[in-house]
2 protein chains.
Amino acid sequence: MDNKEGNYVKEITNIEEDFTKWYTDIVRKAELADYTQTKGCIAIKPYGYAIWENIQKYTDEKFKKSGVKNVYFPLLISEKLLNKEKEHVEGFAPEVAWVTMGGEQELEEKLCIRPTSETMFSTLYSKWLTSWRDLPMVYNQWCNVLRWEKETRPFLRSREFLWQEGHTIHETQEEAEKRTLEMLDIYTQVIEELLAIPVLRGKKTKKEQFAGAEKTYTVETLMHDGRAIQAGTSHYFGQNFTKPFDVKFQNREGKEEYAYQTSWGISTRLIGAVIMAHGDNRGLKLPPKLAPIQAVIVPIAINKEGVEQKAQQLYNELNEKYRMEIDLRQNYTPGYKFNDWEMKGVPVRIEIGPRDIQNNVCTIVRRDTLQKENINLEEIKDKLEQIFEDIQKNMYNECKENREKRTTIAYNLDEFIKNINENQGYIKAMWCENIECEEKIKELTGAHSRCIPFEQEHIGDKCVCCGKEAKCMVVWGRQY
Amino acid sequence: MDNKEGNYVKEITNIEEDFTKWYTDIVRKAELADYTQTKGCIAIKPYGYAIWENIQKYTDEKFKKSGVKNVYFPLLISEKLLNKEKEHVEGFAPEVAWVTMGGEQELEEKLCIRPTSETMFSTLYSKWLTSWRDLPMVYNQWCNVLRWEKETRPFLRSREFLWQEGHTIHETQEEAEKRTLEMLDIYTQVIEELLAIPVLRGKKTKKEQFAGAEKTYTVETLMHDGRAIQAGTSHYFGQNFTKPFDVKFQNREGKEEYAYQTSWGISTRLIGAVIMAHGDNRGLKLPPKLAPIQAVIVPIAINKEGVEQKAQQLYNELNEKYRMEIDLRQNYTPGYKFNDWEMKGVPVRIEIGPRDIQNNVCTIVRRDTLQKENINLEEIKDKLEQIFEDIQKNMYNECKENREKRTTIAYNLDEFIKNINENQGYIKAMWCENIECEEKIKELTGAHSRCIPFEQEHIGDKCVCCGKEAKCMVVWGRQY
């Protein structure tokens, strides 16, 4: 066997020894992204960007079916606009980049690079909205944003990142709240069905909610090492922005009313979540629905008569139906190629050599289980579909098992600390809804409240921290 | 008839009276874009953005077939990088926006918002390139850029705009030059086939070429009023950037060599070109391949029994095959709706009322010719395809006729001035290749050299300006 585990372990950090170093190794070795001379900003390379394109396509189709319309609004926002909503500016002002010069002249008013666009959307909605007949406005943009983070990590937290930000206004509170949850459902589908990562759904606590929001809903994911990633959020604003921004309309009774607003977003952070949720010591592991390359053909003894030709023929046939690659490089051994494509997380490798051709078969190797199977050349085009489905499902299940293994219950602080230090993962515990307890838990354990799950469980009656009467169950965890 | 020309002429400026005012009227009345509080930057509204999405999709498919890989590189570029190539920085420094503060701190080195990304791509290529085996690298990004323009006009010249910028490096000069022209061919296809605008292809003069390029190729388009728009450009850089940025590789002979580079781009400017090339006094006119809505169904006497239902049924059927809209608004008359959809440039309107239903027909009205035709309800799904093709072709031909009508020859400056003042349009004239003549022509006539067309004609032997020996034929014209 060429692809002994030993070969690769030398090249990347062991996943169990130093998970975050393993992560940055994968980002670079799988050629997803690289650092740049602009501090805190990455260059997304073709393979990484192809993953993002697949996320965009899948998500955007669902958006359009649910009535979302895409737009593009300015990158630069004047200081005056940013300052209009008090909580919002307090949340974002410390981390925005400011343009102070245009051309060779100093600007009269400095402009910030959008960290998010609630203020810009609200300003324009205020200009366009007249009557209830204009509502709802359900707009979204796929764009870049910038937040001046101090510590950065490729995909997970970089100063500039790509995302979509949807901003909507509605006639009634009910309709706006419904939209907030509808978008959370779409995110759930994208993350569970496409990325093969199970999500935990719920509401953020006041402390963790978006600056300026009334309610923030979240889809939370758990990584291989038991830390959490907030994968997507959907916010209900009520009239918090529409009042200061004067977004009003004539309602059905002929009276002036302020609109009800939402916003929601997912970002290139999801690529980080995919790496951390599925990867192993051989490298990246991509679910077939998401993978830019679903299967790679590696010819064995490529210079033997007829091999390259047969491999190329198989490629042409399969490429009609799947996203395929063929590795015809002359200067690498099959063993090197196996490792290379495993590092890149390609779900299926297809080996074809002289003996296979004689027997009218090829050998397929699954990236998730490393199982090998001979498949008849006439049957492979049909069979691959089922294999991809199996892999997709298996990866989801493995991820779910890891989550279950790492989910524990704590009735008091000692248990909480013990569990999180042994296991990381999610801690389920009751909470009194007092922010002091939330802050104390964070201080003692490093765990943030992930959310107040929609699916509540009854774990006693007392707050895990203060022991007073509990109001809800919260899931806690350390995070990226 | 409801849709008397008179109804609409009142609302928008007459196209023959004030073309540029007509243009901004269309941009707003057809709801393509709006001004924002960020000076010089527009908000692209859903209808305008849907046009851009169609351009992106069509172009990106052709890119991918030709081996282009998409990436995403940082928005912010350090001053040091921008300054590395002398001509380039001289060309762009006066029109960049500078970030000088991040968070609440002043930056040590100011960062510019990319006006274009040659410097960023070159820096990263230098990091990644080792051997001839790594070549070519054919990368592209769809992104925003910013140029601090003094005078702006929606889509045609705004401070921030959306575009794609391709940047490639190659082993040989020949391969790089071939890529430059290959991309120009793709742009030709996009503009002629999708936008239905004929292009003039050629090389820019030294004066008009891109800052830092060795050669700039262009696709030029002519608008309704006879002014030109540069619709896309493709640049060959030779080693102008790869030398200062140290982008080198070990060639097949084992020697170090600097790579050969290209870049190429089209932008949201194309939306401006579509408006100006095809529009008329009724508003926008979109070619069917590009149109976000290819046909709109307007029910007549919508409250008569069975009308809305039948219209909806027709919509459902046609929407399986085409991009359809149905106008069920109760608070507008059919006449208003006709004008509204004509303003939005929808290629075909389908009217269906009680009498039509009785006769099992509907009435279709073409936006380009305003011709009406009754079509059997069983046949319309098939027939629409042919009608769209006819409209697409007819719009291209009308645009071409306008160009031919407005293309003249000048043998001397008097003729040149007379022609351009009477006709605007393209002026074909011989040139000595001396920049003084080019500048004098611009001063006297307001016309820039559009390009040295690939298809040269022999129009005498003397330069139209100085009368000395001519070296080539140039096409000149005033521009947006």
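In this predicted model, chain A can be laid on chain B with an RMSD of 0.0 Å by a turn of 180° and a shift of 0.0 Å along the axis, which is the relation of a two-fold axis. In chain A, the C-alpha nearest that axis belongs to A:Val99, 2.1 Å from it. Copies are superposed by least squares on the C-alpha atoms of residues with pLDDT of at least 70 in both.

**Basis**
- The model is predicted, and local features need pLDDT of at least 70, side-chain atom pairs count only at pLDDT 80 or more, and totals for chains, interfaces and linings use all residues.
- Residues are numbered from 1 along each chain as its sequence is written, and side-chain values use heavy atoms, with hydrogens and water left out.

**Salt bridges**
- Over all chains, 68 salt bridges are found, each a side-chain nitrogen of Lys or Arg within 4 Å of a carboxyl oxygen of Asp or Glu.
- A:Lys64 pairs with A:Asp60 in a salt bridge, with the closest N and O atoms 2.7 Å apart, and A:Asp60 counts as buried at 12% relative accessibility.
- A network of salt bridges links A:Arg282, A:Glu342, A:Arg349, A:Glu351 and A:Lys372.

Terms used
Chains are lettered from A and ligands numbered from 1 in the order in which they are written. Buried means under 20% relative accessible area, exposed over 50%, partly exposed in between (1.4 Å probe, protein chains only).
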